[in-house]
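Visitor: Could you take me on a close look at the salt bridges of this chain, and then show me what lies around them? I would like one connected account that I can follow with the model open.

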Amino acid sequence: RESDHRAWTPVTYTVTRQNATVQGLTEGKAYFFRIAAENIIGMGPFTETPKELVIRDPITVPDRPEDLEVKAVTKNSVTLTWNPPKYNGGSDITMYVLESRLIGKEKFHRVTKEKMLDRKYTVEGLKEGDTFEYRVSACNIVGQGKPSFCTKPITCKDEIAPPTLDLDFRDKLIVRVGEAFSLTGRYSGKPAPKVTWLRDDIVLKEDDRTKIKTTPATLCLGILKSVREDSGKYCVTVENSTGSRKGYCQVNVVDRPSPPIGPVIFDEVHKDHMVVSWKPPLDDGGSEITNYIIEKKDTHRDLWMPVTSATVKTTCKIPKLLEGREYQVRIYAENLYGISDPLISDEMKAKDRFSVPDAPEQPIIKDVTKDSAVVVWNKPYDGGKPITTYIVEKKETMATRWVRVTKDPIFPSTQFKVPDLLEGCEYEFRVSAENEIGVGDPSPPSKPIFARDPIAKPSPPINPEAVDKTKNSVDLSWHPPRHDGNGKIIGYLVEYQKVGDEDWKKANLTADSCPETNFKVTGLTEGLTYKFRVKAVNAAGESEPAYVPDPVEVKDRLEPPELILDANMAREQHVKAGDTLRLSAVIKGVPFPKVSWKKEDHEVSPKADIEVTGVGSKLEIRNTVHEDGGVYSLTVENPAGSKTVSVKVVVLDTPGPPRNLQISEVRSDSCYITWKEPEDDGGSVITNYVVERKDVASAQWLPISSSSKKRSHMAKYLMEGTQYLFRVAAENQFGRGPYVETIKPIKAIDPLHPPGPPKNLHHVDVDKTEVSLVWNRPDRDGGAEITGYLVEYQEDGAEEWTKFQTVPMLDCVVTGL
């Protein structure tokens, strides 16, 4: 029976042995057992087990732990986890034994004496680069069980994994003001990444409303009681040494708009309606303004009446007003999230308040000339409507009729230049203003003026200075006055004063004797110091004097020559033949230096134009030819010294004719042409030669070669027996030079040589006074047909041969012997 029951349950009635196996028991429950013996008479008394028995398997060592895994590896630590064995051996696990083996060694060593019942352990203090494998065993009351399967070999090094980012929010988020919102997500990476939150590129930090929570796997940004300023582009950055990931969310914290911006402007006021305008709110609450709500109120009543609630314009007509009553207007802005506080206008009375403009004040006339005058006036009151134009009128003082000066509108300027006046006539002017109601009254007439050019004395000359001096003169220079007084400057008066004297002496008696802005004061005494001043003169009189700043001591001034070279005086100047050569330089020096141009230390060519001015010199040669090249020098000299500069001029031209044209190796169909390069290459490298031939019977030259860079050419394809002339020209980048031509024609024939000796000469008959000879033809005829054979004889012992005769055949009878 079970220990907590009273009823006994029979197990078997047929046991003849002294043992029995009881089956069908429940593990973990406690039971009592009893046994009785039985014979044919009956059953004896039961014997009962003294104490209860708990049903359980026999206790053994635990099975091997399962799922041994490496969770993290660094350069000096390894973190391991495992699961308990499937069977604990019938007794609770009391501890786990973790062992490691260094790869290359045979034995496992126990890592720690900790019990590690949480089935997780980090092995620390390892050496970077070492490789271990691990196993774990479970222990119970009986002892230590089998070890788990070994891990793979694990090398101690920092694990690296780029960051990952998984966000729980979308790209855009809209939040009502006062509500809280949060941005959450998950991340990973090795080493553990750094998490940074930004709003509009500014790093967020925790405060009363901003909460940032980051765990090893999750991240969260929370904003409590959001305000409009929390709107912006939020960014979370997850970054470690291997890289970074970013997530974005555009958060828009929305609210009802702020009130429209005042003041309310009454653009139009009438007896029965008004037109008002205003400006949009500074803050639209993060959502577009959907409409404005406009209401009106009679100031004698407390009731606000609706005008419209469906306009997006910032202007509105307020209708149905009672004339003479005062009204206020209030305006609300509305968006998707609510209605703003109102903008309330000032009080405004409903009445027509517009009229034509007032008359302007008396206009002022200025800048009068012989045919024009400028009329200036002040803007009058516009009568409540903007002025659209001004009307300017003129009349001669003796006339009665006013005439408009222009049909064009005059606005917004309050001045106008009246043209087409008659010189010498006296005029008055008046001005009227016009708005959309009509034309106002004209102003009082201006003071009368005569149409003529005013003349005043000129202002003084500008910046007088002493620019040169000698032992008895000083050269002065100045600029014209800024104002000529509306009269032509007749000329200038120059005065001088010896330092220490009081009187000024005139250097010229009349202004027209010095019409230019320079003057040489002569008749001064060498060694003395003088002051100078200049006055401008027009028909109205003399200007105030302008003084030369410093006194001037009269003496000769010496300055050594100075040359300021122009760009065409560089060290080498290249000019194309036929173009113009220009060499120029600015020359300074006191007294002005003597100028001389030379070419190769000789006088320059008569075709050169040389010009010397007070500031420089210029040499110009038109239609240059190659012979104009060479070294040109410019020398400037005065008593204070001299200076010389040189420039090499290269006139670039076509080359000269080739030299020493020779024809050799003449054959029936070819000949060999040679020549030497021209004496003058035209200042540029010869690029090629042109070779041509001509049949003496033809007028036309035919090209043989136009690209030869060598100084020889084989002329082929000649017609045998024809006579030819040849010519050669050189080319450079500037063109083809003149041809050199063969002096006499060349006939295309193979060269002739004497024939070879006849062969096999012998006699065939002999008489007392004659000998018959025969012979064979020679091996070679020398390039021409054999015309005959010369027969000679010699007496034995003599030195001279005697000519007998020339025969055409291969035999001869020599007689007269």
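Guide: A salt bridge here is a side-chain nitrogen of Lys or Arg within 4 Å of a carboxyl oxygen of Asp or Glu. With that rule, a search of the whole structure turns up 29 salt bridges. Please keep in mind that this is a predicted model.

Let us begin with Arg 330 and Glu 295. Their side chains meet in a salt bridge, with 2.5 Å from N to O. Arg 330 belongs to strand β27 (residues 326-335) and Glu 295 to strand β24 (residues 291-298), so this pair ties together parts that are 35 residues apart in sequence. Where do the two partners stand, buried or exposed? Arg 330 is buried, and Glu 295 is buried too.

Next comes Asp 628, which forms a salt bridge with Lys 607; the closest N and O atoms are 3.1 Å apart. This pair links distant parts of the chain, 21 residues apart: Asp 628 sits in the loop between β53 (616-621) and β54 (630-638), and Lys 607 in the loop between β51 (602-603) and β52 (609-612). Asp 628 counts as buried because its relative accessibility is 5%, while the cut-off for buried is under 20%. Lys 607, with a relative accessible area of 36%, is partly exposed.

Please stay in this region for one further pair. Asp 609 forms a salt bridge with Arg 622, and the closest N and O atoms are 2.6 Å apart. Here too the pair links distant parts of the chain, with Asp 609 in strand β52 and Arg 622 in the loop between β53 and β54, 13 residues apart. Asp 609 counts as partly exposed at 36% relative accessibility, and Arg 622 counts as partly exposed at 46%.

Now look at Phe 532. This residue is found in strand β43 (residues 529-538). At 1% relative accessibility, Phe 532 counts as buried. Phe 532 and Val 552 are 20 residues apart in sequence, and their C-alpha atoms are 8.4 Å apart in space.

One of its members, Asp 420, has its place in the loop between β35 (415-418) and β36 (426-434). Asp 420 is exposed because its relative accessible area is 63%, and the cut-off for exposed is over 50%.

Most residues other than glycine have a negative phi, and most peptide bonds are trans. Asp 367 has a positive phi of about 50° although it is not a glycine. Its place is in the loop between β31 (364-366) and β32 (373-376), and Asp 367 is exposed, with a relative accessible area of 53%. Glu 665, another residue other than glycine, has a positive phi near 50°. Glu 665 lies in the loop between β56 (659-664) and β57 (671-676) and is partly exposed, at a relative accessible area of 47%.

Pro 191 is in the loop between β15 (181-190) and β16 (194-199). The bond from Gly 262 to Pro 263 is cis as well, with omega near 0°, and Pro 263 has its place in strand β22 (residues 261-269).

Finally, let us step back to the whole chain. There are zero helices and 69 strands in it. Its C-alpha atoms fill a box of roughly 200 × 150 × 65 Å along the principal axes. The radius of gyration is 64 Å, whereas a compact globule of 817 residues would have one near 28 Å. Of the 817 residues in the chain, 37% are buried.

Technical notes: Residues are numbered from 1 along each chain as its sequence is written. This is a predicted model: local features need pLDDT of at least 70, side-chain atom pairs count only at pLDDT 80 or more; totals for chains, interfaces and linings use all residues. Side-chain values use heavy atoms; hydrogens and water are left out. Helices (H or I, at least four residues) and strands (E, at least two) are DSSP runs, numbered from the N terminus. Buried means under 20% relative accessible area, exposed over 50%, partly exposed in between (1.4 Å probe, protein chains only). The radius of gyration is taken over C-alpha atoms; the globule rule is 2.2 Å times the number of residues to the power 0.38.
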